[in-house]
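Please look over the model below before reading the points. They cover a pocket, the confidence scores and a nonpolar core.

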Amino acid sequence: MKNILQILIALFCINSVINANNFAYMKEISLKKDEQKKILVKYDHKEKLFKFRWTLFINDGLVILRAYDKIVAQNILYLNGKNQSFRLELSTRGANYYEVPYILVKFKKFNSTKNEAVFNIFLYDKENEIKWKFLKNK
């Protein structure tokens with residue numbers, strides 16, 4: 001029984017390492033308060049806009065407002081603990097998608113002198129179907 005448990009733990013650890021390397025792309029960005037980041041997502045002759053910004057940093061929590069494909073949401077991300085990131089699925093689940101492509105936005109650090117939040121943005125795209133473009137702020 002002990003050996004089975006050790007094998008299961010080893011498989012879980014190996015799977016976690018493999019999954020961590022499955023991201024097709026990673027980019028680090030910095031945003032000031034209420035500065036919006038826009039990312040144009042293209043797949044299957046569709047174009048969708050993902051945009052997010054942060055509005056408040058208090059008690060080590062960063063309030064994020066985000067929108068994708070006319071769906072608006074809010075998250076609170078923390079540097080320490082569980083809620084460091086949010087995941088955004090880019091397409092609907094269906095017969096063709098067992099693992100849908102997604103964007104993972106991770107809160108990396110907060111620079112209080114510049115009043116900027118730093119994020120790592122990851123793209124998971126197993127089938128290499130997603131094209132994305134970071135749009136410039138106007």
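1. By class, seven nonpolar, two polar and four charged residues make up the lining of the largest pocket. Here Ala, Val, Leu, Ile, Met, Phe, Trp, Tyr, Cys and Pro count as nonpolar, Asp, Glu, Lys and Arg as charged, and the others, Gly among them, as polar. The model is predicted, with local features needing pLDDT of at least 70 and side-chain atom pairs pLDDT 80 or more, while totals for chains, interfaces and linings use all residues. Residues are numbered from 1 along each chain as its sequence is written, and side-chain values use heavy atoms, without hydrogens and water.

2. Of the 13 lining residues, Tyr 68, Asp 69, Ile 71, Leu 88 and Glu 89 lie nearest the centre of the largest pocket. A pocket is an open set of points on a 1 Å grid over the protein atoms alone, where a 1.4 Å probe fits, with protein on both sides within 12 Å along at least five of seven lines; lining residues have an atom within 4 Å of a point.

3. Strand 4 (61-68) gives the largest share of this lining, three residues. Strand 5 (71-78) and strand 6 (85-89) each supply at least two. Strands are DSSP runs (E, at least two residues) and helices likewise (H or I, at least four), numbered from the N terminus.

4. The average pLDDT (the predictor's confidence in each residue, from 0 to 100) is 84, and 81% of the residues score at least 70.
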